[in-house]
Amino acid sequence: MKTGGRHQANDTKSTSISNTIIGIHFHRYIRTYSFLVLLSAIPMLLNYLFLLYSGEFLSAKDIYDKQNYPEPHEIIYGSALFNDVSELKLYSYKSKKPQIISFGSSRVLQLRESFFTKPFYNLGSMASSIHQALDVATLLLKEHCPEVIICGVDFWWFNNTYQKPDYHLMSANIPVINKIDPAHLLQPFKWLREGIISVGQYLRFYELDFNPNIGVKGKIKGSGFSSDGTYS
Amino acid sequence: MLFNSFEFIFIFLPLLCVIFGFFHKKASLNVLLLGSFVFYAYHSISNLCLLISSISFNFVISKYIKNNKLVLFLAVSANIALIIYFKYYNFIAQNLSHILAVQIPYQDKALPLGISFFTFQQIAYLVDSYYGNYADRNFRSFALLVSFFPHSIAGPLVQYKDVAPQFAKVGISLENLSIGGTIFIIGLFKKIIIADGIAPSVNAIFDAAGLGIIPSFAESWFGAIGYTLQLYFDFSGYSDMAIGLARMFNVHFPINFNSPYKAASIIDFWHRWHMSLSKFLRDYLYIPLGGNRHSRYRNLLLTMLIGGLWHGANWTFILWGFLHGIYLIINHLWRDLLKKLGLTSNKSISYQVLSWILTIFCVIISWVLFRSDSLETAIVIYQSMFGFHGISVSPTLLDIIPEFNFINYEGFFKNQLFYVWDYLPAFVSSIIICLCLPNIKNLFVNYVKFEKDFSNFNIQSADLDTSLRWVPSQAYAILMAIMTIWIILALLSSRKIEFLYFNF
């Protein structure tokens, strides 16, 4: 009986030891995991705040509202992350319903609202091939029919062998303006390395809020799209 | 509140864990119940009232149901009436209007979230109560079983007798958090990185087909295979998250997906795909209809038709169910034929490979119906898949094989609905993951009682890959941290895509 009792005591002791060891494993597992996640979160959070304060995460509607309310004013949208601003241009076109538009490649971007006496919007850089131009035109006319359309096309569009490699059917898939890719959160590091932004600008991200322009390019370089769709 | 939302991951779940940890065991069950109600009410408070009314009604009526067929019939009918009213009314009205040439008004009601799941969950409870399985009825346990937030919206379907006893042992510990949290992260990764990563390409193809754009041969196959992968990673990811969340509170849920795309027959596929629904349909529909004893094939077809209809009020779902019913009948006939010929033991590698190819082909074909918004869209995709709209290939192939100049050389993806190279890595890696890597059951077999209630299922032990089994090691901690960071970055990056099974 005594031996059995000793065995039982030994068993209880060994179970308790193995539970403690298991507990240590789980404790270490959670500690390592939490440490790594928190460690990586700090620089990402700084990058995220930098992009957030620069207005890179604003939607097409937010940008349009900032540029046009209470009345159209000179606020530049210059994103350093998104080259394709079709969503913003389409949204602005739908909202403004202009009587005159210029439409085509980036070469029509110089036409400004001040050149005209009637409401005007510049839809330049939305097309880079004849197929894309037709596709975008169909999309635009579905929404609203302006009185005058100034079309800017490049002569090579009419060359049969020319096919823009990255063309996608606009009516089926309009790129979302604030669709941030995870890789975008690493971009501020790249800009720092290339000297596009300074360490001071990066760390004083909260000061970006004082600049009315939108986007890193808009706030830092003052370049981007105006409320009439032109690029400056 | 979606499992893949910031408010769930960073507010609801941590807050619930902290509050849960503060209370004594008995009170902590109330915390879980209240938390589950809050989780459900986040979608709609009126739907929460519906859920609580449904739970109360079923609990009260279950007291008088034992061996009383009339009460059982009335109670089950009431549940089915509820689901018909919310889910199938417009479908029935639309079809009756068409057949009778009269205008039946539609109703503009949103489908209460998870109604298909919580109704089926309670029907199972009623039937089990009829057979007198539950003497120890407890309202709190029953209410928690139905509304428990990990599974209230999209399953897995569980039985009272399996889960209610576990409520006595709920608790939070480092072990529970590590195991449950890891399973949750794996599920989240499957949903956010893999399923949502493929989704835009699949949506582009099916949406374009719906708009009347004819997809090319390659595009249609890309769409069909892409959806096959998306649905699996989306729904199995959700199930893994549910299992992980429940495990965080020391509740073990049964496994819902056991690598279904490794199945080498349709029968095997249904033993691996949405296993809790398969079990429900078998126990509460197929067997009461007569099971294998009489009119086996009729029962099988009827069960699959109802299974199809359960997924949604659309002819595409009914046809999907019908197709799988036919598949199963053919599979059973083939098995019987082999048995008669004494060829059951002949399982050569080439036979198994051919069986797998045929099975996955049939499954992919059926998912086109499942994904399509209408029969017309499905037909357009099928026509392209089988070359009725011609076969379009890359112009560069013309130089390599000039003899095939009768083929259309406008490019594999001639409609250019998306950039193929953006999706190809996710596409290929997801195929490798679902065919070559172990699933949750294989990884956590030592830590979760997955098979407790699935002893009748023929889960092949050959699947168990012991070398990759999860242990609370530093290596796994690093891997999980990398996956978490990846998930957070992706969460920051994209708009939330709802779980596909939220629609059912």
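Reader: Which residues are in contact with B:Trp367, leaving aside its neighbours within four places in sequence?

Author: Contact means heavy atoms within 4.5 Å. In this predicted model, B:Trp367 is in contact with B:Tyr227, B:Thr228, B:Leu231, B:Tyr261, B:Phe269, B:Trp273 and B:Trp320, its neighbours within four places in sequence left aside.

Reader: What are the ground rules for names and values?

Author: Residues are numbered from 1 along each chain as its sequence is written, chains are lettered from A and ligands numbered from 1 in the order in which they are written. Because the model is predicted, local features need pLDDT of at least 70, side-chain atom pairs count only at pLDDT 80 or more, and totals for chains, interfaces and linings use all residues; side-chain values use heavy atoms, with hydrogens and water left out.

Reader: Which residues touch the most other members of the largest nonpolar core?

Author: Take the term first. A nonpolar core is a set of buried Ala, Val, Leu, Ile, Met, Phe, Trp, Tyr and Cys residues joined through side-chain atoms within 4.5 Å. Buried means under 20% relative accessible area, with a 1.4 Å probe and protein chains only; exposed is over 50%, and partly exposed lies in between. The largest core has 153 residues, and B:Phe8, B:Phe149 and B:Trp367 touch the most other members. A second, separate core has 22 residues, including A:Leu51, A:Leu81, A:Leu88 and B:Leu489.

Reader: How many helices and strands does chain A have?

Author: Helices (H or I, at least four residues) and strands (E, at least two) are DSSP runs, numbered from the N terminus. Chain A has seven helices and three strands. Their order from the N terminus is α-α-α-β-β-α-β-α-α-α. Of the 232 residues in chain A, 40% are buried.

Reader: In what order do the strands lie in the sheet?

Author: Two strands pair if DSSP finds at least two bridges between them. In chain A, three strands form an open sheet in the order β2-β1-β3, with parallel pairing. β2 (120–124) and β3 (148–152) of chain A stand at the edges with a single partner strand each, so one side of each has no neighbour in the sheet. Direction ignored, neighbouring strands are turned by 15° against each other on average. Axes are lines fitted to C-alpha atoms, for helices over the stretch in contact; angles run from 0 to 180 degrees between N-to-C directions.

Reader: What are the partners of β1(A)?

Author: β1 (residues 100–104) of chain A pairs with β2(A) in the parallel sense over five bridges. One partner of A:Gly104 is A:Gly124 in β2(A). Helix α4 (residues 130–143) of chain A packs on the sheet and touches β1, β2 and β3 of chain A. The direction of α4(A) makes about 155° with that of β1(A). Five bridges also join β1(A) to β3(A), and these run parallel. A:Ile101 has A:Ile149 in β3(A) as its bridge partner.

Reader: Which way do the residues of β1(A) point?

Author: In a regular strand the side chains alternate between the two faces of the sheet. In β1(A), A:Ile100, A:Ser102 and A:Gly104 point one way. A:Ile101 and A:Phe103 point the other way. Five of the five residues of β1(A) are buried.

Reader: Which residues of helix α2(A) are buried?

Author: In α2 (residues 60–68) of chain A they are A:Ala60, A:Ile63, A:Tyr64, A:Gln67 and A:Asn68. Seen down the axis, these fall within an arc of 110°, so they line one face of the helix. The arc is that of the directions from the helix axis to the C-beta atoms. The cover of these residues includes α3 (86–96) of chain A.
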